[in-house]
Each structure stands twice: as structure tokens, then as C-alpha cells.
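Please keep the sequence and the three-dimensional view at hand.

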Amino acid sequence: MGFLSGLFGKKEEPKRQLDHPSKLNKGDMISLDDSFALPPQLRGQQLRVEAVNTYEYERKQQTEWVLKGHGSDTIFLGLDEDDETYLALSIKVNRGLVDQLFDLEQFSAIFEEPGKAELTTKELSAELSPEFEQWLSPQYHQVSFAGFGYFHRQDYRGKKPPQDADGATGDPFESYQLLDDDEDKAIDIEVYDGGETDVMLTLYRPLSDIRDYWPGE
């Protein structure tokens, strides 16, 4: 009987193997290294995937994972894939913070041709330093200007986002990027129709900074 029940009994579904950020789905969780090389918003944090979004460009797509932990900060995760793959970890800063972190005259040059702006970070106040010091470099140089794309609040990994009679269905935007000299920190900017502007501080970190993965339901 034991043999028969084993033969015809319900087989347990194999658990999802989650061992790389590219496999993360909504509801999954990760924990990050507790190294002091990471800023406080990331150090030792357990983060849950709240959403998976897609950036659509003419020749490529990029996935964005929206992560939340116990703190108030939303962390945005992407993958920077070149010879090696790195984590691109970002936080969003509002206009008031941009004014406190950078010279606005220098910052406005990012949106002017030929798109070769240089940006110097202001000296941080005692209040801002603990929170932002590890996200920032003293100097940045512009590497991209007005790159056009569409943003989708949906996961389109492995497939092309749908189109309607007018073409792409996402939110159109222009992207701008600045890198520091070591190319391990960036400022990413997206300008949407109507002038809404998102400014992100980005760190490039090794995949090993994710210490553990937990599949969701």
C-alpha cells in the first residue's frame, strides 16, 4: 500500500530555486551584507520585492525591482550587465535635496547640449552626511544625454511590452546619467512628459552583497 500511495500520491511541487537577482519576483525577499561599505539604508537590511517594472529602450529592456524594508526608504534595484554583472542600487531624492546636494546652475547644464556637464557635490551638512555620504562622490561627469524610452509598471521579462495603434504603451521619458571617476556611483535622471523629473543616486555593487534569498509564495 505504501508503494501504491507513493506512486499515486500527490507530488510536492519543487521549491523555486532563487539564487540570482534576475530571478526575483514580487513577494520575494533578500538580505544584504552588513558591511560598513554599504550606506545605512542598505547595510544588513532585509528587503521585500514590492513591484517589478520595465524600462523599454529602442534596443534593450531593463528590469527594475522596487524594494522595501523596515525603514521608510524605497530602494530601487537594477542589474548593470557588461563584462560582469553588478547590482545597481538606487534611492530617489526630491528637488529640495537636489538643491542641498548640488549646485543647481551646474545641475541645469545636464539638460543642455552637448550633454557634457560636470557636477560637483556640495559639502554635506552634519544632518545629511550620515544618510547620503556613502551614496555620493565629490565629482561626476555626464555620460548620456536625452536617451529616449518608455517606463512600464509591469514585469515584461522575456517578452516585448504591448503596443497600441499609437505605438508603445508605457510612459515616455528622457534619461540622463552622470558617473564618478571610479564608475561605481552614478546620478540617474528621468524626465517625463509635463516635466516631472526623477533624480536617483545609484551605487554599483557586487552580486555577493545579496547574502540570502527567500522565495515568496
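In this predicted model, Asp188 touches Tyr176, Gln177, Asp198, Val199, Met200 and Thr202, leaving aside residues up to four places away in sequence. Asp188 itself belongs to strand 11, which covers residues 185-192. With one of these neighbours, Gln177, the side chain of Asp188 makes a polar contact of 2.7 Å. Asp188 is buried, yet it has no salt bridge. The nearest side chain of opposite charge is that of Lys60, 9.7 Å away, whereas a salt bridge requires the charged atoms to lie within 4 Å.

Attention may now turn to strands 3, 4 and 5. Strand 3 (residues 61-68) pairs with strand 4 (residues 74-81) in the antiparallel sense, over 4 bridges. These two strands form a hairpin, with 5 residues between them. Strand 4 is also joined to strand 5 (residues 85-93) by 6 bridges, and this pair likewise runs antiparallel. Phe76 can be followed across both pairings: it is the bridge partner of Val66, and its own bridge partner in strand 5 is Ser90.

Glu113 is found between helix 3 (104-108) and strand 6 (118-120). Is Glu113 buried or exposed? Glu113 counts as exposed because its relative accessibility is 70%, and the threshold for that class is over 50%. Glu113 and Phe145 are 32 residues apart in sequence, while their C-alpha atoms are 8.0 Å apart in space.

Note on methods: Residues numbered from 1 in each chain as written. Predicted model: local features only at pLDDT ≥ 70, side-chain atom pairs only at ≥ 80, totals over all residues. Heavy atoms only, no water. Buried < 20%, exposed > 50% of the residue type's maximum accessible area, 1.4 Å probe, protein only. Pairing = 2+ DSSP bridges. Lys, Arg positive; Asp, Glu negative; His and termini not counted. Polar contact = N/O pair within 3.5 Å; in protein donor to acceptor, adjacent residues only side chain to side chain. Contact = heavy atoms within 4.5 Å.
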